[in-house]
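Here's a protein to look around in, starting with its pockets and moving on to its cores and charged pairs. Take a moment with the sequence and the structure first.

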Amino acid sequence: MGRLSGLIAAPFTALHPDGRLNLDMVDVQAEALQRNGVRGVFICGTTGEGISLTVSERMQLAERWRAAAPPGMTVIVHVGHTSLEEAKRLAAHAAEVGLPAISAMWPSPFKPRTQTGLVDMCAAVAAAAPGASFYYYHIPRLSGLDFSMADFLRAARERIPNFAGLKFTHDDLMDYGRALDVAAGELDVLYGCDEMLLSALALGAVGAVGSTYNFAAPVYHRIINAFKAGDLATAREEQVKVQHWVAVMEKYGGLPAGKAVMRMIGIDCGPPRLPLRPLNAEEYAALRRELERLGFFESIRGNSRDST
């Protein structure tokens, strides 16, 4: 697998109203993402509620996305688990079904005390799928681990033969810039904060993973294209729109609001799984009104051509 670039969506996991997986929706999601120029998917991560799914459900999703992804769409599956052995089992399964890449964060309350310990854990998971590229999922607000990723890259590439880089979901742009410098174009350092994409582009990002790419990819393509053209005014204008939308969605619960937006655009991914709860009717209507006031629906219907 070559280096990744462009937009990589973190798909919502579609559930039926009773909480069962809605695997048929994967085909609809994959088609919509391809239509909007999205180049890959990062499944079973935070947006995909991977930690709230059973191992069997995660394996079913991996298999379905492997079958549904059109040619040219890279599927990365998150295999992180509170049990290292289960993470290794998920990694081995991903390799068995032919997925090109895996990723892991550490949701367990038991944390490695040193960076060496983190590299040890990543090496164990990556070794279970030696033919797949391995990405460490750096998301300190959820994992509780905030080692320097610039330093981690140096250590991991020496220890992990199939190490491919990071999904960097953090607002520490200094560490992000240093990580890009250490990667030196040989490893991927995918940026994971949608609302700060322009800042990452300025530092040298060429690929990004995000949840709002599920429904707003056209806006991010405009940011990328304007940045490449040197039109910073347009890039900033589009990025500020995103920041207003994200602030509104966070007010309504983040992930549950994202699933509500998917329903609004005609791709009903169902409710989130407990302990998260779906928006009630009043919240759903209020969210829609706020997004309409911000011009959200007009913006996401814009030109979605991907020139990255």
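## The second largest pocket

Helix α11 gives the largest share of the lining of the second largest pocket, 4 residues. Keep in mind as you look that this is a predicted model. The lining has 16 residues in total, and R263, D268, G270, P271 and P278 sit nearest the centre. Sorted by class, that makes 10 nonpolar, 3 polar and 3 charged residues. The volume of this pocket comes to about 240 Å³.

## The largest pocket

Now for the largest pocket, with a volume of about 1000 Å³. It's lined by 43 residues, and the closest to its centre are T46, T47, I139, R141 and L142.

## What's packed inside

In soluble globular proteins, nonpolar side chains tend to be buried together. Here the largest nonpolar core holds 104 residues, and those touching the most other members are I102, Y136, F152, L166, L287 and L291. Helix α9 (residues 213-228) supplies the largest share of this core, 9 residues.

## Charged pairs

Side chains of opposite charge can pair when their charged atoms come close. A search of the whole structure turns up 18 salt bridges. One of them joins R35 and E31, with their closest N and O atoms 3.9 Å apart. Both residues belong to helix α1 (residues 24-35) and are 4 residues apart, about one turn of the helix. R35 is exposed, at 57% relative accessible area.

Other bridges run between helices. E238 meets R222 at 3.4 Å, N to O. E238 is in helix α10 and R222 in helix α9, so this pair ties together parts 16 residues apart in sequence. E238 counts as buried, with 7% relative accessibility.

E290 and K251 also pair up, at 2.7 Å from N to O. This bridge links distant parts of the chain, since E290 lies in helix α12 (residues 281-293) and K251 in helix α10, 39 residues apart. Finally, D151, R154, D175 and R178 are linked in a salt-bridge network.

Technical notes:
Residues numbered from 1 in each chain as written. Predicted model: local features only at pLDDT ≥ 70, side-chain atom pairs only at ≥ 80, totals over all residues. Heavy atoms only, no water. 1 Å grid on protein atoms, 1.4 Å probe; cavity = no way out; pocket = protein on both sides within 12 Å on 5 of 7 lines; lining within 4 Å. Points joined across faces, edges and corners; volume = space filled by probe spheres on them. Helix = DSSP H or I, 4+ residues; strand = E, 2+ residues; numbered from the N terminus. Nonpolar A, V, L, I, M, F, W, Y, C, P; charged D, E, K, R; others polar. Core = buried A, V, L, I, M, F, W, Y, C linked by side-chain atoms within 4.5 Å. Buried < 20%, exposed > 50% of the residue type's maximum accessible area, 1.4 Å probe, protein only. Salt bridge = Lys/Arg side-chain N within 4 Å of Asp/Glu carboxyl O.
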